[in-house]
Amino acid sequence: MPQSNEQLRLQYAADKSHHLPNGRFQSPWPSSTNPSVTAFIKYMFTEYNSNPGWESVKQGRAPPVVPLDYNQIAAPSDVQLTWLGHASLLVQINGANVLFDPVFSTRCSPVQWMGPKRFTRAPCTVSELPHIDVLVLSHNHYDHLDWNTLKQVHERFPDIKVLAPLGNRPILSSLGFTNIVIADWWDETSVELPTGGFTFACTPAQHMTARGLFDRMATLWSSWVIVGPTRRFFFSGDTAYSALYNNKDHEECPAFVQIGDVYGPMDLSAIAIGAYDPEWLFGGMHANPEQAVRIHEDVKSRKSVGVHWGTFVLTSEAVDEPPKRLALEMAARGHPSDEFVVLDIGQTTQGL
């Protein structure tokens with residue numbers, strides 16, 4: 001007899017191989033291999049400041065920033081997404097407004113006087129957002145968990161429900177949030193809203209975390225699924241798919257097939273497509289566009305939007321390379337071009 005979706009979820013939830021004996025975490029698959037921290041530091045000091053990403057920004061190849069369509073946001077379809085830059089999203093699903101990984105600061109850094117600086121502005125401020133029902137965070141990197149933005153979110157929505165992976169309660173509490181749910185992979189959280197009941201599922205991703213020198217892997221990272229009354233949405237968070245470094249057998253992350261089997265098909269997804277070059281260094285943390293298409297297929301997404309690009313120079317690819325490679329790969333694998341798209345920053349698109 002085939003296993004039910006719930007049986008599969010419980011089977012996957014019982015696997016705690018991502019938990020380490022010292023209380024920290026890991027991506028537990030052979031597809032997750034990374035060079036040493038020393039290699040990353042060497043890249044930052046020898047290649048980062050002269051990489052092609054900076055030149056492409058100077059050449060005006062960044063995505064446009066457009067005003068939010070407040071008419072469309074005020075009268076949403078049953079599932080739609082507004083890209084707020086990088087991995088920041090306003091997702092509207094079955095009448096619920098969900099904010100993912102909001103980062104509106106000038107820099108994604110511990111301080112605002114140094115660190116990666118936006119080359120495209122945020123399309124709005126926190127005060128210009130509609131009412132938000134739920135705030136969802138994928139992990140604690142500065143380009144996903146921004147202290148200044150979250151302070152503003154808390155000031156505007158002091159009682160908002162916040163969902164985040166394990167280990168993130170202390171930082172969220174220090175920001176003033178009190179309605180916090182901390183989740184492990186495959187945990188589900190039920191949320192009742194005026195438009196119906198929703199399930200928020202914390203699902204796996206292949207990544208890592210740190211905000212300082214001594215907290216590497218101390219908090220968990222995740223992707224997320226929203227199951228609404230009639231619609232389903234998937235957010236990849238930050239994830240890799242198949243590392244290039246020391247992965248001779250080209251192992252692939254199995255998590256996305258599992259997510260698709262438990263929760264698919266998805267009506268709309270947001271999947272990271274950028275921050276991967278050089279791939280020998282970043283391929284264990286970030287998917288390239290071709291791998292993003294595989295994630296799109298694995299989670300059984302009817303329509304996907306490419307995110308995690310076009311806002312900060314974090315790696316060496318040209319700013320407009322991810323969408324170009326994405327389009328080529330979609331065609332090569334026989335998918336319609338409108339099945340996995342990129343947006344202008346501030347633009348809204350509807351699910352299928």
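Mentor: Let's start with helix H9, residues 289-298: seven of its 10 residues are buried, so the helix is largely enclosed by the rest of the structure. Keep in mind that this is a predicted model.

Trainee: Which residues of H9 are buried?

Mentor: They are Pro289, Gln291, Ala292, Val293, Ile295, His296 and Asp298.

Trainee: And what covers the buried residues of H9?

Mentor: The cover includes helices H7 and H10 (321-332). Strands S10 (232-235), S11 (268-272), S12 (304-307) and S13 (340-341) are also part of it.

Trainee: Let's jump to H1. Which of its residues are buried?

Mentor: In helix H1, residues 5-13, the buried ones are Leu8, Arg9, Tyr12 and Ala13. Looking down the axis of H1, you find them within an arc of 135 degrees, so they line one face of the helix.

Trainee: What do the buried residues of H1 pack against?

Mentor: Strand S7 (188-193) and helix H7 (255-263).

Trainee: Where do arginine 9 and glutamate 6 lie?

Mentor: Both are in helix H1, three residues apart, which is about one turn of the helix. Glutamate 6 is partly exposed, with a relative accessible area of 38%.

Trainee: How many salt bridges are there?

Mentor: The count comes to 15. One of them joins the side chains of aspartate 184 and lysine 16, at 3.0 Å from N to O. Aspartate 184 sits in the loop between strand S6 (180-183) and S7, and lysine 16 in the loop between H1 and H2, so the pair ties together parts that are 168 residues apart in sequence.

Trainee: Is aspartate 184 buried or exposed?

Mentor: Aspartate 184 counts as buried, at 6% relative accessibility. Lysine 16, at 37%, counts as partly exposed.

Trainee: What about lysine 300, which partner does it have?

Mentor: Lysine 300 forms a salt bridge with aspartate 261, with 3.3 Å between the closest N and O atoms. This pair links distant parts of the chain, since lysine 300 is in the loop between H9 and S12 and aspartate 261 is in helix H7, 39 residues apart. There is also a network of salt bridges linking Asp78, Arg231, Asp267 and Arg302.

Trainee: New topic: the largest nonpolar core. Which residues touch the most other members?

Mentor: Of its 75 residues, those are Leu81, Leu89, Phe100, Phe200, Phe233 and Phe234. The largest share of this core, five residues, comes from H7. A second, separate core has 25 residues, among them Ile73, Leu84, Ile132 and Phe157.

Trainee: What does phenylalanine 200 touch?

Mentor: Leaving out residues up to four places away in sequence, its contacts include Val98, Val134, Leu163, Asp187, Trp224 and Ile226.

Trainee: Last one. Which residues make the nonpolar patch on the surface?

Mentor: Val37, Phe40, Ile41 and Phe45, with about 410 Å² of accessible area together. Phenylalanine 45 lies in helix H2, residues 37-46, and is exposed, with a relative accessible area of 72%.

Definitions and conventions
Residues numbered from 1 in each chain as written. Predicted model: local features only at pLDDT ≥ 70, side-chain atom pairs only at ≥ 80, totals over all residues. Heavy atoms only, no water. Patch = residues over 30% accessible without salt bridge, like charges linked within 9 Å, V, L, I, M, F, W, Y side chains within 5 Å. Areas by Shrake-Rupley, 256 points an atom, 1.4 Å probe, with all protein chains shown as cover. Salt bridge = Lys/Arg side-chain N within 4 Å of Asp/Glu carboxyl O. Helix = DSSP H or I, 4+ residues; strand = E, 2+ residues; numbered from the N terminus. Buried < 20%, exposed > 50% of the residue type's maximum accessible area, 1.4 Å probe, protein only. Arc of directions from axis to C-beta. Contact = heavy atoms within 4.5 Å. Core = buried A, V, L, I, M, F, W, Y, C linked by side-chain atoms within 4.5 Å.
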